[in-house]
Structures are given as C-alpha cells and as structure tokens.
Amino acid sequence: MAHDKRKSGRPWQRLRRTMLAAEPLCRLCMAKHGRVTVAVEIDHEVPLAKGGNDDPANLRPLCADCHRDATRAQFGYRPKPRISLDGWPME
Ligand SMILES: [Zn+2]
C-alpha cells in the first residue's frame, strides 16, 4: 500500500480530446480577433510548471499559433532571430 507506483501519467490525451470536443474553436482567436479558428491544442492558462493544474477552469482550447504565442508569453522568452548558415535571418 505504501508502494503506489501509479506512474502511468495523467489521462491527458483523454482530457484533451474531451475539451476539444466540447469547445473545438480557438478561444484566443475568438477573443482577440473575432476569428473562428479550429483549436488543436489545450493550453494551461497557468502552466503546470507554475503551479497550474488540469482543472477545466485552467484549460483553454487554442490553435497552434496561439498556443505557441501563449507558451512563449507564459515562459517569458523571446523569439530569437534564427540565422541561417550564410548569415541572413531566416524569418
Ligand atoms: Zn488562435
């Protein structure tokens, strides 16, 4: 009983599917641009690394672009310009 080795991880994929089925559109696109975009990711509004949890209140469906931007904002790093081998920025 002391050895409860349930390390199979969170049932995240199932939760993710359930969330996307319930709300299949990107919440940020809608809120920011009034744009309808298909959501493909479930984002933690407060990241797990910062004490967030898998509670549906902390989750929101996002499209890939918004998810990337949100993650960037949450973890506070700026996109670095990528420099190609011949010395020119790639983007
Ligand atoms: Zn979006």
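Visitor: What spacing do the donors of the zinc ion follow along the chain?
Guide: In this predicted model, the donors of the zinc ion follow the pattern C-x2-C-x33-C-x2-C.

Visitor: And which atoms coordinate the zinc ion?
Guide: The coordinating atoms are the SG atoms of Cys-26, Cys-29, Cys-63 and Cys-66, which lie at 2.2 to 2.4 Å from the zinc ion. The site is tetrahedral, with angles of 107 to 115° among its 4 donor atoms.

Visitor: Where do Cys-29 and Cys-63 lie?
Guide: Cys-29 belongs to helix α2, whereas Cys-63 sits in the loop between β2 (59–62) and α3, so this pair ties together parts of the chain that are 34 residues apart in sequence.

Visitor: Are those two buried or exposed?
Guide: Cys-29 counts as buried, with a relative accessibility of 0%, and Cys-63 is buried as well, at a relative accessible area of 7%.

Visitor: What does Cys-26 touch?
Guide: Leaving aside residues up to four places away in sequence, Cys-26 touches Thr-37, Val-38, Ala-39, Pro-61, Leu-62, Cys-63 and Cys-66.

Visitor: Now helix α1: which of its residues are buried?
Guide: The buried residues of α1, which spans residues 12–22, are Trp-12, Met-19 and Leu-20. They cover an arc of only 95° around the axis, and therefore they are on the same side of α1.

Visitor: What covers them?
Guide: The elements covering the buried residues of α1 include β1 (41–44) and β2.

Visitor: Which exposed residues does the face turned away from the buried side carry?
Guide: That face of α1 carries Arg-14, Arg-17, Ala-21 and Ala-22, which are exposed.

Visitor: Last topic, confidence: what is the mean pLDDT of the chain?
Guide: The mean pLDDT of the chain is 85, and 82% of the residues reach 70 or more.

Visitor: Which elements have the lowest and the highest mean pLDDT?
Guide: Among the elements of the chain, the lowest mean pLDDT is that of α3, at 91, and the highest is that of β2, at 96.

Key: Residues numbered from 1 in each chain as written. Predicted model: local features only at pLDDT ≥ 70, side-chain atom pairs only at ≥ 80, totals over all residues. Heavy atoms only, no water. Contact = heavy atoms within 4.5 Å. Donors = N, O, S within 2.8 Å, 3.2 Å for Na, K, Ca; no water. Tetrahedral: all angles 85-135°; square planar, octahedral: opposite > 155°, others 65-115°. Helix = DSSP H or I, 4+ residues; strand = E, 2+ residues; numbered from the N terminus. Buried < 20%, exposed > 50% of the residue type's maximum accessible area, 1.4 Å probe, protein only. Arc of directions from axis to C-beta. pLDDT = per-residue confidence, 0-100.
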